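Biologist: I have a fold open on my screen and would like to learn how to read it. Can you walk me through?

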Amino acid sequence: MGRLNVSLCGIELDNPVIPASGTFGYGYEFSELYDINVLGTFSFKGTTREPRFGNPTPRIAECTAGMINAVGLQNPGVEKVISEEIPKMKKVFHKKVMANVSGFSVDDYAYTCEKLDKIPEIGWFEVNVSCPNVHGGGMSFGTSPDAAAEVTRAVKAVTDKPVIMKLSPNVTDIVSIASACEAAGADGISLINTLLGMRIDLKTRRPVIANTMGGFSGPAIFPVALRMVYQVAHAVKIPVVGMGGVSTAEDVLEMMMAGAAAVEVGAANLADPFACRKIIEDLPFAMDKYGIKELSELRV
């Protein structure tokens, strides 16, 4: 193993840097800018059972040290992802990829994962339980340990590939939800998803986002993300993928010192399409600066 190599749920990565879902599409747009095979892997755009147009516009609001988005899981649906997006992705990315899956019922999650399970290029499932449970009054699956565990069990029943549950930070006890997912058979935990935020236009006196509120991401949320990664990594025995405001090689090292096995980069990709490549290039220098010979020595 090289000094940047890490293992995620039994699959070896050349480095721990993973573009986060929703910020990297299916990779092929970024492949026009650089060879995306330098990445550890990437989590492709959140996929649902049926096509989704997403939320009304405007969907984006700028913030100090971050941004708010309310895209609303816009995607072509699992059938077109399989028939159109993945074939294009395969031409430019030659490693295992992470499939990010969302749903509005337990059946949605199971159906979509079962469809994608047949795709050999998919190495992991990243299951986003920040979606509203339409059969549970609209409350997010990820706010309830029981609901998160139910989704975990449903997905584990349809695939033998590693299942990583992506958790929402908009809860009072992140550890209880992560522990419930682990008990239900999850192979890993990824966190955090975006915080809930909003902006108001002083001229119109109305919310900037058409959806009123949206997901707050960017460097401003890094300390919150780091705290939650630390709490969960020290409470569960399965790997943790850390994310939330990561934009530098030093951020990656800090996340791994908190207990992350790998690190996702989200909003930074929207500000700079070369962000992940730069982080990977900078990692050896940051490691030298802090006397780190191999990333494996940072694991908890």
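**Strands, pocket and core**

Modeller: Start with strand 4 (residues 60–63) and strand 5, which run antiparallel and are joined by four bridges. Strands here are DSSP runs of E with at least two residues, helices are runs of H or I with at least four, and both are numbered from the N terminus; two strands pair if DSSP finds at least two bridges between them. This is a predicted model, where local features need pLDDT of at least 70, side-chain atom pairs count only at pLDDT 80 or more, and totals for chains, interfaces and linings use all residues. Residues are numbered from 1 along each chain as its sequence is written, and side-chain values use heavy atoms, with hydrogens and water left out.

Biologist: Which residue in strand 5 stands opposite I60?

Modeller: That's N69. In the hairpin, two residues sit between the strands, and A65 takes a positive phi near 60 degrees. Strand 5 also runs antiparallel to strand 13, through three bridges, and there N69 has G215 as its bridge partner.

Biologist: How do I read a pocket?

Modeller: Rolling a probe the size of a water molecule over the atoms shows where empty space is left. On a 1 Å grid over the protein atoms alone, a pocket is an open set of points where a 1.4 Å probe fits, with protein on both sides within 12 Å along at least five of seven lines; lining residues have an atom within 4 Å of a point. The largest pocket holds about 1,300 Å³, a volume being the space filled by probe spheres set on the points, which are joined across faces, edges and corners. Its lining has 50 residues, and N69 and G215 are among those closest to the centre, with N128, N193 and T194.

Biologist: Which strand gives the most to that lining?

Modeller: Strand 13, with three residues. Helix 7 (267–271) is among the elements giving two or more.

Biologist: And what about the nonpolar core?

Modeller: In soluble globular proteins, nonpolar side chains tend to be buried together. A core is a set of buried Ala, Val, Leu, Ile, Met, Phe, Trp, Tyr and Cys residues joined through side-chain atoms within 4.5 Å, where buried means under 20% relative accessible area with a 1.4 Å probe, protein chains only. The largest core has 99 residues, and L191 is one of those touching the most other members. Beyond four places in sequence, L191 is in contact (heavy atoms within 4.5 Å) with residues including L167, I174 and M228.

Biologist: Is N269 buried or exposed?

Modeller: Buried, because its relative accessible area is 3%. N269 lies in helix 7.

Technical notes
Buried means under 20% relative accessible area, exposed over 50%, partly exposed in between (1.4 Å probe, protein chains only).
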